[in-house]
Amino acid sequence: MSSCSGRCTLLALCALQLVTVVERQVFDFLGYQWAPILANFIHIIVVILGLFGTIQYRPRYVVVYVVWAAVWITWNAFIICFYLEVGGLSKDSELLTFNLSRQHSWWREHGLGCAREEAAASFGILQDQALVSGGLCALEHSYVEALHSGLQILGALLGFVYGCYVVSVFTEEEDSFDFIGGFDPFPLYHVNEKPSSLLSKQVHLPA
């Protein structure tokens, strides 16, 4: 019963992670954030692998999911530090776009409750539309991205814990099944081996 509850919890966590990462992937595509796009894509594949391993009782697949969960926690911690500019990082850098474009987070130009106005033209050149920041946003884009990463860390941390539990349960079940001869390809042969040898001895006994 505990094994079933652990499996069901891990399946629910994996499903929730898939929903949240797909939502995040959409906004990263809109902002051309190539590094997060690549990381999200790998995460989706590994979570699906973890789902398959949990359903099909494949502990090796769940182990891959557990290892990736630790990597995913580290990656999202870096994203939080990046947008909150911790440790000398700058959210205005082109690090997440691999220096391929000057695009930034989609939330920077479509922030929650932010006002937008056109920058004044200078010398006859019309500048691009700019987001008016400086206290006019209900929630700054850096905090939106940090909240997204915090949610991913929470899901990955719970997935890591339950993944380790499910792997231990699967391993114990395999060991017990192997102990009772569940993986013996010729159990009847070994059982009948001794009686057949005794029978042959009886045949060769002198009358």
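Which residues do ring pairs link into a cluster? Ring pairs join Trp-75, Phe-78, Phe-82 and Tyr-83 in this way. The model behind the views below is predicted.

**View 1. The aromatic cluster that holds Trp-75, Phe-78, Phe-82 and Tyr-83.** The count of aromatic pairs in the structure comes to 10. In the pair formed by Trp-75 and Phe-78, the ring centres are 5.7 Å apart and the planes stand at 40°, so the pair is tilted. Trp-75 has a relative accessibility of 21% and counts as partly exposed. Phe-78, with a relative accessible area of 27%, is also partly exposed.

**View 2. The ring pair of Phe-52 and Tyr-61.** Phe-52 is a residue of helix α2. The ring centres of Phe-52 and Tyr-61 are 5.7 Å apart and their planes meet at 40°, so this pair is tilted. Phe-52 is partly exposed, at a relative accessible area of 38%; Tyr-61 is partly exposed as well, at 30% relative accessibility. Once neighbours within four places in sequence are set aside, the contacts of Phe-52 are Arg-58 and Tyr-61. Between the C-alpha atoms of Phe-52 and Val-62, which are 10 residues apart along the chain, the separation is 8.4 Å.

**View 3. The largest nonpolar core, with 19 residues.** Leu-10, Cys-14, Leu-18, Val-47, Val-62, Tyr-65 and Trp-72 have the most contacts inside this core. Two or more residues come from each of α1 (2-30), α2 (34-55), α3 (59-83) and α5 (141-179). Helix α3 gives the most, with six residues. Apart from this core lies another, of five residues, including Ala-35, Ile-79, Phe-82 and Tyr-83. Two of the residues named there, Phe-82 and Tyr-83, are also members of the ring cluster in View 1.

**View 4. The surroundings of Cys-14.** Residues up to four places away in sequence are not counted here; beyond them, Cys-14 touches Val-47, Leu-51 and Tyr-65. Cys-14, Val-47 and Tyr-65 are among the residues with the most contacts inside the largest nonpolar core.

**View 5. Gln-25 and its contacts.** Gln-25 sits in helix α1. Its relative accessible area is 8%, so Gln-25 is buried, the limit for that class being under 20%. Not counting residues up to four places away in sequence, Gln-25 touches Pro-36, Ile-37, Asn-40 and Phe-41.

**View 6. The largest cavity, with about 60 Å³ of space.** The structure holds three cavities of 30 Å³ or more. Lining the largest cavity are 13 residues, of which Gln-33, Tyr-83, Lys-91, His-104 and Ser-105 are the closest to its centre. By class, the lining of the largest cavity has three nonpolar, seven polar and three charged residues.

Notes: Residues are numbered from 1 along each chain as its sequence is written. This is a predicted model: local features need pLDDT of at least 70, side-chain atom pairs count only at pLDDT 80 or more; totals for chains, interfaces and linings use all residues. Side-chain values use heavy atoms; hydrogens and water are left out. A nonpolar core is a set of buried Ala, Val, Leu, Ile, Met, Phe, Trp, Tyr and Cys residues joined through side-chain atoms within 4.5 Å. Buried means under 20% relative accessible area, exposed over 50%, partly exposed in between (1.4 Å probe, protein chains only). Helices (H or I, at least four residues) and strands (E, at least two) are DSSP runs, numbered from the N terminus. Contact means heavy atoms within 4.5 Å. On a 1 Å grid over the protein atoms alone, a cavity is a set of points where a 1.4 Å probe fits but cannot get out, and a pocket is an open set with protein on both sides within 12 Å along at least five of seven lines; lining residues have an atom within 4 Å of a point. Grid points are joined across faces, edges and corners, and a volume is the space filled by probe spheres set on the points. Ala, Val, Leu, Ile, Met, Phe, Trp, Tyr, Cys and Pro count as nonpolar, Asp, Glu, Lys and Arg as charged, and the others, Gly among them, as polar. Rings of Phe, Tyr and Trp (its six-membered ring) pair if their centres lie within 6.5 Å; planes under 30 degrees apart count as stacked, over 60 as edge-to-face and the rest as tilted.
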